[in-house]
Amino acid sequence: MAKQNNSESLLLLGVVAVVACLWLISNHTWFVVFALIASAGLVWLMRSLRKASLTRLRDSINQKIGRAVIQNMDQLVRRRLQLVQSDPYGKPQRQRWQKEIEYFVSQHVSPLISAEERTIFEQEGQEHTTAIEQWVERELQSRPPTSFSSAMTPREFEFFCAEQLRGCGWTTRVTRESRDQGVDVVAEKSGIRVVLQCKLYSTPVGNKAVQEATAARSHEFADYGVVVTNNRYTSAAEELAATNKILLLHYTDLEKFDIFLK
């Protein structure tokens, strides 16, 4: 764009120089006025054509980005849920998610860009990544909580439980797998802090999960410790949970989680 502006300026200077020479030769004021008006009109026309060309290229780029995002929206939403986690002070950490968007742009959007569009696409790269991030955020907010699936992995079940609580107005954080200290999900709302152990089991959940939830509540200074599963609990687990004030829930109970706390 700067190169184009320089070309326009050089053209205008060239026209002015020609007009000045003709004025020296002809000494006709009317001719000079006409030439100046014509040169101004020529520069205006060039700028209008340039603006129309930029608009066309930007529209084409935005359409290609839109198609790529829509085609991969489910994957983008899932990666957003996996990568944006809050630190112990409740501040969302977005660095890994932003790198994921940059990767998505380079691998799934950039190959769609034509040579004619390339310069503008690279110049406005940050605007594109910001727009994609905002688009995914809006999609995430508009979607209902994710449906349970028996094909989930244990990690996906943790994100599912966190999303269920988000739908009830809780702020949630899924912990890192290697540093969870017995905590899978930390949830907060109205000054109440809750820790969840999420157990995707094919057999009834036993004492160990209750012990982990008890330790997790102490470690996170939480008000409540909760175990959530897709299965049922053993009698021993129910007895241990009662003496340690641990809630034992089925994942369908998360839709009315606030009632269980009361």
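At 73% relative accessibility, F221 counts as exposed, because exposed means over 50%.

A word on the source. This is a predicted model, where local features need pLDDT of at least 70, side-chain atom pairs count only at pLDDT 80 or more, and totals for chains, interfaces and linings use all residues. Residues are numbered from 1 along each chain as its sequence is written, and side-chain values use heavy atoms, leaving out hydrogens and water.

Back to F221. It sits in the loop between α8 (207–219) and β6 (224–229). Helices (H or I, at least four residues) and strands (E, at least two) are DSSP runs, numbered from the N terminus. F221 is not a glycine, yet its phi is positive, about 55 degrees.

Now K245. Its loop runs between α9 (235–244) and β7 (246–250). K245 is no glycine either, and has a positive phi of about 55 degrees. K245 counts as exposed, at 69% relative accessibility.

Next, the inside. A nonpolar core is a set of buried Ala, Val, Leu, Ile, Met, Phe, Trp, Tyr and Cys residues joined through side-chain atoms within 4.5 Å. The largest has 45 residues. Among those touching the most other members are I132, F157 and L254. Another core, of nine residues, lies apart from it and includes A209 and Y233.

Last, confidence. pLDDT is the predictor's confidence in each residue, from 0 to 100. The chain's mean is 83.

Notes:
Buried < 20%, exposed > 50% of the residue type's maximum accessible area, 1.4 Å probe, protein only.
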